[in-house]
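Welcome, and thank you for opening the viewer.

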Amino acid sequence: MLINDQNTLQKFLPNQVVTVDGELTLFDKVQNQLALAEEWAQQYVTGEQLYEKISADKNSTAWHQLASLVANRALVQALPALDLILTPNGFGVVNNANVVPASRDRVDRLLASLLAARDRALDFLLDSLCTMPDWQDSTGYNWWTGCFVQRLSQVAEVVPDSKDLYEDYLKLRLRAVYIEAELEAKFFGPLMPRWRRALATRKNDYDVDLAESVQAEVIALLKGEQTHINMLRDIVQYVRTNPDKFPEWQSSKLAKQWSPEKFTNQKKSKGFWF
């Protein structure tokens with residue numbers, strides 16, 4: 001396991017946890033959730049091979065980011081069962097032989113801190129993964145770079161009062177995919193996958209600049225703003241006038257649609273254009 005003892009787990013907690021004699025440690029209580037969190041991270045974020053590679057280097061930044069993600073995701077899942085019981089007066093916290101009232105605010109604040117730590121760790125980990133060539137062969141790479149909204153922090157621009165950025169991200173991503181499909185069909189065609197990769201790898205300055213402009217448009221549309229048609233046309237014009245940089249667009253159907261038809265006067269014509 002990535003996290004295999006109480007001391008390691010303790011490093012990634014937003015609050016101090018004290019274990020009394022005879023009580024199970026927090027690590028013992030959340031082992032199942034830790035295993036599930038590791039399985040999720042391996043399947044949906046890093047991929048199996050890269051997960052093992054990161055796990056083997058405990059001194060790396062990526063290891064700390066991954067461990068923080070796993071720990072906080074596990075604790076979010078475990079929180080409803082951690083020493084909380086239902087009493088006639090609401091929730092209670094088991095405290096030795098007594099049951100003391102659990103403040104709803106305290107429980108909510110703890111959950112909010114765990115969610116925030118989980119989401120920060122995931123964004124930081126994604127930044128690190130984007131610098132690793134091995135990640136580009138994983139299903140996690142294909143999913144996280146499959147749209148222009150590639151970080152949880154961007155959710156706050158659309159849902160400023162979000163209580164769970166990851167859950168809101170999943171909802172926004174579905175909407176983003178439909179928006180991007182329309183932009184692809186009307187404006188950019190085969191350049192969309194290329195620009196999504198550019199956002200992740202940060203290669204080719206002109207690709208990154210254009211990708212960020214399209215990303216800003218996607219986020220604006222997610223916020224309910226009107227389409228910035230002039231900006232989109234400017235991007236298409238730049239693509240049209242730089243065929244050496246965007247050959248795949250030049251050979252697409254869109255190139256013909258965006259190229260104005262040229263009229264020439266001929267002697268046999270019944271009328272002439274001036």
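A helix crossing is called left-handed if the near helix is turned anticlockwise from the far one by less than a right angle, and right-handed if clockwise. Keep that in mind for the second stop.

This is a predicted model, in which local features need pLDDT of at least 70, side-chain atom pairs count only at pLDDT 80 or more, and totals for chains, interfaces and linings use all residues. Residues are numbered from 1 along each chain as its sequence is written, and side-chain values use heavy atoms, with hydrogens and water left out.

**The whole chain**

Show the cartoon: the chain has 14 helices and 3 strands. Helices (H or I, at least four residues) and strands (E, at least two) are DSSP runs, numbered from the N terminus. Of the 274 residues in the chain, 42% are buried. Buried means under 20% relative accessible area, exposed over 50%, and partly exposed in between, with a 1.4 Å probe and protein chains only. Contact means heavy atoms within 4.5 Å. Among contacts between residues at least 6 apart in sequence, 62% join residues at least 24 apart.

**First stop: helix α3**

Select residues 31-46, which form helix α3. The end C-alpha atoms of α3 are 21 Å apart, in agreement with the 22 Å that its 16 residues should span at 1.5 Å a residue; the expected span is 1.5 Å times one less than the number of residues. Now colour Leu34, Ala37, Glu38, Trp40, Ala41, Val45 and Thr46, which are buried in α3. They cover an arc of only 165° around the axis, so they sit on the same side of α3; the arc is that of the directions from the helix axis to the C-beta atoms. Turn to the face away from that buried side to find the exposed residues Asn32 and Leu36. Just after α3, Gly47 has a positive phi of about 90°.

Axes are lines fitted to C-alpha atoms, for helices over the stretch in contact, and angles run from 0 to 180 degrees between N-to-C directions. The two helices, α3 and α5, are therefore oblique to each other. Angles under 35 degrees count as roughly parallel, over 145 as roughly antiparallel, 65 to 115 as roughly perpendicular and the rest as oblique. The crossing of α3 and α5 is right-handed. Among the residues that meet here are Leu34 and Trp40 in α3, and Leu69 and Arg73 in α5.

Tyr51, Ile54 and Ser55 of α4 make the contact with Ala62, Trp63, Leu66 and Val70 of α5.

Which residues does Ala71 touch, not counting those up to four places away in sequence? Select Ala71 in helix α5, and look for Ile3, Leu9, Phe12 and Leu34. Ala71 counts as buried because its relative accessibility is 0%.

**Last stop: helix α12**

Finish at residues 229-240, helix α12. Here Leu232, Ile235, Val236 and Val239 are buried. Seen down the axis of α12, its buried residues fall within an arc of 100°, so they line one face. Exposed Asn230 and Asp234 lie on the other side of α12. The helices that the buried residues of α12 pack against include α9 (165-188) and α11 (205-222).
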